[in-house]
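Have the viewer open as you read.

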Amino acid sequence: MSDRITVEELSELMKKAAGVTVSAEELQQRYDSGFDALGVDSLGLLGIVGELENRHGAPMPTDAERSRTPRQFLDLVNSALPAGA
């Protein structure tokens, strides 16, 4: 498992935890679009955070579920993951 969450992993998590299908390529193109524009609501984002906590065995930043864009989310989550996790 990588020590950083990638756009590809976020795309997979969006499908699994939020029920929203957005390809990694589309997500990369819409990196600064709001999650709401991508069809992910606050509960979906909370589900993504919970899935990440389960996968990495560590709590995610408290404001992760308040991130407005995929870029903001990945920057915040990746800054909190310990190297080599």
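E51 and K16 meet through their side chains in a salt bridge, at 3.2 Å from N to O. The pair links distant parts of the chain, with E51 in helix α4 and K16 in helix α1, 35 residues apart. E51 counts as buried at 18% relative accessibility, while K16, at 54%, counts as exposed. Keep in mind that this is a predicted model.

R55 makes a salt bridge too, with E12, and here the closest N and O atoms are 2.6 Å apart. R55 sits in helix α4 and E12 in helix α1, so this pair ties together parts that are 43 residues apart in sequence. R55 is partly exposed at 24% relative accessible area, and E12 is partly exposed at 40%.

## The rest of the charge picture

The structure holds 7 salt bridges. Another one of them joins the side chains of D63 and R66, at 3.1 Å from N to O. D63 counts as partly exposed, with 41% relative accessibility, and R66 is exposed at 60%. Elsewhere, salt bridges with shared partners join E9, E12, K16, E51 and R55 into one network.

## What's inside

Now for the nonpolar side of things. The largest nonpolar core has 23 residues, and L10, M14, I48, L52, F73 and V77 have the most contacts inside it. Helices α1 (7–18), α2 (24–29), α3, α4 (42–56) and α5 each supply at least two residues of this core. Take L52: leaving aside neighbours within four places in sequence, L52 is in contact with I5, E9, L13, G57, M60, F73 and V77.

By the ring-pairing rule there is 1 aromatic pair. That pair is F35 with F73, edge-to-face, with 6.0 Å between centres and 90° between the planes. F35 is in helix α3 (residues 35–38) and F73 in helix α5 (residues 70–80), 38 residues apart.

## One face of α5

Which residues of α5 are buried? They are P70, F73, L74, V77 and N78. Seen down the axis of α5, these buried residues fall within an arc of 110°, so they line one face of the helix. They pack against α1, α2, α3 and α4.

N78 is buried, with a relative accessible area of 7%. Not counting residues up to four places away in sequence, N78 touches R4 and I5.

## The annotated span

UniProt, in an unreviewed entry, lists residues 4–81 as "domain: Carrier". The end C-alpha atoms of that span lie 7 Å apart, and the span is 62% helix and 0% strand.

Notes. Residues are numbered from 1 along each chain as its sequence is written. This is a predicted model: local features need pLDDT of at least 70, side-chain atom pairs count only at pLDDT 80 or more; totals for chains, interfaces and linings use all residues. Side-chain values use heavy atoms; hydrogens and water are left out. UniProt positions are given in the numbering used here, feature names are shortened, and annotations may be inferred rather than shown by experiment. Helices (H or I, at least four residues) and strands (E, at least two) are DSSP runs, numbered from the N terminus. Rings of Phe, Tyr and Trp (its six-membered ring) pair if their centres lie within 6.5 Å; planes under 30 degrees apart count as stacked, over 60 as edge-to-face and the rest as tilted. A nonpolar core is a set of buried Ala, Val, Leu, Ile, Met, Phe, Trp, Tyr and Cys residues joined through side-chain atoms within 4.5 Å. Buried means under 20% relative accessible area, exposed over 50%, partly exposed in between (1.4 Å probe, protein chains only). Contact means heavy atoms within 4.5 Å. The arc is that of the directions from the helix axis to the C-beta atoms. A salt bridge is a side-chain nitrogen of Lys or Arg within 4 Å of a carboxyl oxygen of Asp or Glu.
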